[in-house]
Amino acid sequence: MNKTFLKILLILLFIPTILAGQKKLEGKIFDTADKDESGLPGANLVWAGTTVGTTTNAAGYFSIKRVKETDRLVISFVGYKTDTVSVSPDSDYFKHSLSQGKEIGEVFIYGRASGTYTDRIDPVLTVNITGAELCKAACCNLSESFETNASVDVNYSDASTGAKQIQLLGLAGTYTQILTENIPAVYGLNSAYGLNFIPGPWMESIQISKGTSSVRNGYESMAGQINVEYKKPRTSEKAYFNGFISDAGRQEANANASLLLNEHLSTMILAHGELQNSNNDHNHDGFRDEPDIRQYNLFNRWDYMTENFTVRAGFKALGEERIGGQFSYNPSDDDTWNNGFGININTRRYEGFTKVGGVFGKEGSMTAGWIQNIAYHDQKSDFGTRSYDGIQKTYYSNLLYQWNPGLSRHNIDAGFSYKYDLYDEKLGALILGRKESVPGVFAQYTYTDSAKMTFIAGIRTDFHNLYGTLVTPRVHLRYVINPVLTLRASAGKGYRSGNILAENSFLLASSREMIIEDGPDIEEAWNTGISLSANIPMAGKTLRLSGEVYRTNFINQIIIDMDASTDEVRFYNLDGKSYSNVIQFEASSTLFEGFDLLAAWRWNDVKMTIDGLLREKPLTGRYKGLLTASWLTHLRKWQFDYTFQLNGPGRVPSTLSNPEEYRRDETFDPYVIMNAQITRNFRKWNIYVGSENLTGFMQHHPIIASDDPFGEFFDSGLIWGPVHGRKIYAGIRIFFNRDV
Amino acid sequence: MKTIKKFVLAILIATVPAIISAQDKSKETETIKYSTSIDCANCVNKIMTNLPYEKGIKDVKCDLPSKTVTVTYVKDKNNSEQIKKAIEKLGYTAKEITTENPAKKN
């Protein structure tokens, strides 16, 4: 039982470790229908006729002490048939699958893993997007991976740079902490384009949690947390290739290869190349609908694993050039005035990380891990006649320690973190510099009775060199009301130090002057959430229902004010109220073999005090509906995926002071986006064709005063809908799997 | 319009193999049940991602509790011995236990 919880924590830390010990049986329990064997969390194991038992952890793994009396193990889980199996006394590893339902027909038909599932044991409501789900859409990078997810909205941030922003709980993506393998990844200078720097085929899975998350990863995550797990040498393909082409002029190649050098050491190389020659101008305004992009991205990682010691290390290098704006713009021509309005963004990013983890102490009751990351990010950008250059140097260290005293239900976590960011920014002739140095300590107590409840209470204190002492309390609860219903609740605080220029540099693609008023303070908010999920067995199938309510209440926020004037965008500290209330319902089920259906609805009520008035957050839909259908034929040769999104209406900042031809409506209407994809599988490869935005819906004339981009009314930042019409794409994936 | 045409064309190209293989249905099929050594969901997975791509295979069903694999195939294109070999190639033992009279299928 207790080792399980240590393991949960270990896995959360991504330091998979095999517990040491002789008279132990370890293994994994999973759903018979789960082709990925992703594991059943919370399954019960007990030696027949004894009280010696355990439960599987979040990943479905378990470790149980051997008993002399018997070798018969009883494995059970709610909604599954209980199995009793004999395990030979010699074996120390054991895998077993449980079948759903109480009756087994003559021929059992095997389903497949859902592409998305909610962890049943994690107290933080976490939606896990697996590789299977990622293959349902073109999914070229992280910003495009949420098309089939009801919780996350993805929008273009402006009409010319191609930068995409996500929204969780109706709040800007910057309020969501984005991690890659538990290392803060998309923030600071990386926040505008960072989502495009995580290639889809590199990802093994994505975890999305709403509301505040564990204090272990920092004081951020005000609206939620997104963690990306990259492919790892031991669990990924021996070799993989993906080629992608679209009628929007995009070409991509992705490849990865892994090598197991010996029993302990393994390595992997991941590569991504992207070329986009945008030739489309669907709205005939002389501006590229999407920028020209050239990107290379490389990642080399190494793993060293022994029974109770793990080291992971890696290095990433990225280079990208994006050119947006008018077709008449030529980046090699220095004559900025006669050359047409152009956007030219050059990014270089280098990153290295190490992770060390080990299990020690009596019966492995203690674990320790140390994560370190360094990053260098350099962005040079021109927006018409304006320029913004920035360099960010980052060091991140997180030292974590867990103790499970006496191997009980009580677990203590503690640690020390240090985050250092040095910013050198230049806006035109204005030179800005900033240093953030934040040491922090945290402690967390977890009580776990996996069958009934999990309770986590954590607190962290950070000593920010600019904003003083920040105290972050957070609590999470998971309570199993009955085998069908599970309740989750969370409450906590979050902070964020904004990087106004870096996060909003795309607003330079307008005539608005950027005005930063009265020394921006740290952003601070309380977030509370409650959710109820039900797994209702119905005629051999499971109907999954969930309902959730989240409220985020800002104590301070940096308001981005585009309402006060069309000539300016002002940034200032919140003076008044700012909140987000979100209610979401979701239902999903497998209707028949291989056919999954999901329907979801969400209401956003997001308001903030802008220019002295409590107003609806601009450019954000009031509701969203989502319907996804996915069908995999019995022999798994064909897969059909379809997504329907209904995006609700919203508010557009006023353009009333502009001349009539440059005015836009102050609201936008609901609109529908549909995506579809067909995949044909072969033994070692598959091909897919699909379409994004099937109906070709577009925001008309997204750029104001596109005929006069150097004039005083030009604005490409009032974007609420797609700026690109229907896209058709096709791709191929070739994989050589390692024999399991 | 142009893009719609392109899309329709792409779908057509993608569906051609299905239409062609659908014509095989007129051919005589046989269903064989093998007793195998599959003992985990991953084994089922391996069978299901490989066996359907053997020649003439129309249907594959795996049953873990009874450790059987039931294969339906077009008689002209494959035979019991070949399929047995294909299962063995994946690392499992296979022993034919029942054969359904092909006459029943027509």
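**Exercise 1.** In this predicted model, determine which residues of helix α2 of chain B are buried, and which elements cover them.

*Solution.* Begin with the helix itself, which spans residues 41-50 of chain B and in which B:A41, B:C43, B:V44, B:N45, B:K46 and B:I47 are buried.

**Exercise 2.** Identify the residues that touch the most other members of the largest nonpolar core, and list the contacts of A:M203.

*Solution.* The largest nonpolar core holds 68 residues, among which A:L171, A:I198, A:M203 and A:V228 touch the most other members. Once neighbours within four places in sequence are set aside, A:M203 is in contact with A:L134, A:I198, A:V228, A:E229 and A:Y230.

**Exercise 3.** Is A:A443 buried, partly exposed or exposed, and what does A:A443 touch?

*Solution.* First locate A:A443, which lies in strand β26 (residues 430-449) of chain A. Next apply the cut-offs, by which a residue is buried at 20 or more other C-beta atoms within 10 Å and exposed at 12 or fewer; A:A443 has 16, and is therefore partly exposed. Finally, leaving out residues up to four places away in sequence, A:A443 touches A:D413, A:A414, A:G458 and A:I459.

**Exercise 4.** State the domain bounds of chain A and how many Å separate the domain centres.

*Solution.* The domain assignment gives domain 1 as 2-98 and domain 2 as 116-736, and their centres, taken over C-alpha atoms, are separated by 34 Å.

Key: Residues are numbered from 1 along each chain as its sequence is written. Chains are lettered from A and ligands numbered from 1 in the order in which they are written. This is a predicted model: local features need pLDDT of at least 70, side-chain atom pairs count only at pLDDT 80 or more; totals for chains, interfaces and linings use all residues. A nonpolar core is a set of buried Ala, Val, Leu, Ile, Met, Phe, Trp, Tyr and Cys residues joined through C-beta atoms within 7 Å. Two residues are in contact if their C-beta atoms, placed from the backbone, lie within 7 Å. Helices (H or I, at least four residues) and strands (E, at least two) are DSSP runs, numbered from the N terminus. Domain bounds come from an automatic or database domain assignment.
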